[in-house]
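Let's take a friendly walk through a structure together. Have a look at it first, and then read on.

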Amino acid sequence: MQAGWETAEFASLYAEHSRPIFYLALRFLGDPQKAEDATHDVFLKAFRRLDQFRGEASIRTWLYRIAINHCQNLCQSWHNRNIHAGSDDTVFEDAVARTDSPLRVLETKELGQRIQKTLDALSDEYRLLLLLVADEELSYEEIAALVGQSSDAVRGKLHRARKAFAARFEKTV
Amino acid sequence: MKQQTKLSQKQEHIAEQQTQSQAAKEFSNADELLRFDAAQTTVPPEVAQRLKQSAAQIPPPPRKWWGKMFGG
């Protein structure tokens, strides 16, 4: 029997995981409307394929996999339609002056815009890694599996991604 | 009247304190900042509504042949 929306199982799955999936879509795509559409599509795919979930990974990881593929496909089709200069993360990595200094925020009102600007300036790879590691439920091993790299490679790239983020974030004031 | 003025001053003071505590924040790294941002983000309720409607249109999967045969 297929688990339906009306079943408590799928409703609780949505209640528990919709926020992190929406947040990933929101900050990865940088557009609230697209993020809403993507969240809808991701959970609809999950609804259709729930009987295929084998339990080898956590349900959160499984949903992230669907969401990442979906967002990357959207970005790919967008990139194909538009001339895109691409992000050079090394510019920000090299420019960072105070890597270990905290990120100070004086006004939380426009924080979302600053974060979005910063993430938009990074490569898709760094953006995705930072968004995944922000979810405390995911281990480095799970992140590595999601992005198809080794845990060591993920750790190294995350170090550079954090530096690039901090350097770019300072410039958004 | 005087009491009302005092009360509104107190309310203003509390509101000001709340604004200040919300305004200045420090995050040790990008992870912490993004976690804070994620916690502030809510999923618009329209998404759940749309999903319910979309899910209702999906027909149940056809019964497998052995199910038809053996009533499973």
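The paragraphs below follow chain B.

Residues are numbered from 1 along each chain as its sequence is written, while chains are lettered from A and ligands numbered from 1 in the order in which they are written.

Chain B has 4 helices and 1 strand, where helices (H or I, at least four residues) and strands (E, at least two) are DSSP runs, numbered from the N terminus. Along the sequence, they come in the order α-β-α-α-α.

How much of chain B is buried? Of its 72 residues, 11% are; buried here means that 20 or more other C-beta atoms, placed from the backbone, lie within 10 Å of the residue's own. In helix H2 (residues 30-40) of chain B, the buried ones are Ala30(B), Leu33(B), Leu34(B), Asp37(B) and Ala38(B). They lie on the same side of H2(B) because they cover an arc of only 135° around the axis, taken from the directions from the helix axis to the C-beta atoms.

How confident is the predictor? Its score for each residue, pLDDT, runs from 0 to 100. Chain B has a mean pLDDT of 73, and 50% of its residues reach 70 or more. Among its elements, H2(B) has the highest mean (95) and helix H4 (residues 65-70) of chain B the lowest (53). Where pLDDT is low, the predicted coordinates should not be read in detail.

Notes: Predicted model: local features only at pLDDT ≥ 70, side-chain atom pairs only at ≥ 80, totals over all residues. Buried ≥ 20, exposed ≤ 12 C-beta atoms within 10 Å, placed from the backbone. pLDDT = per-residue confidence, 0-100.
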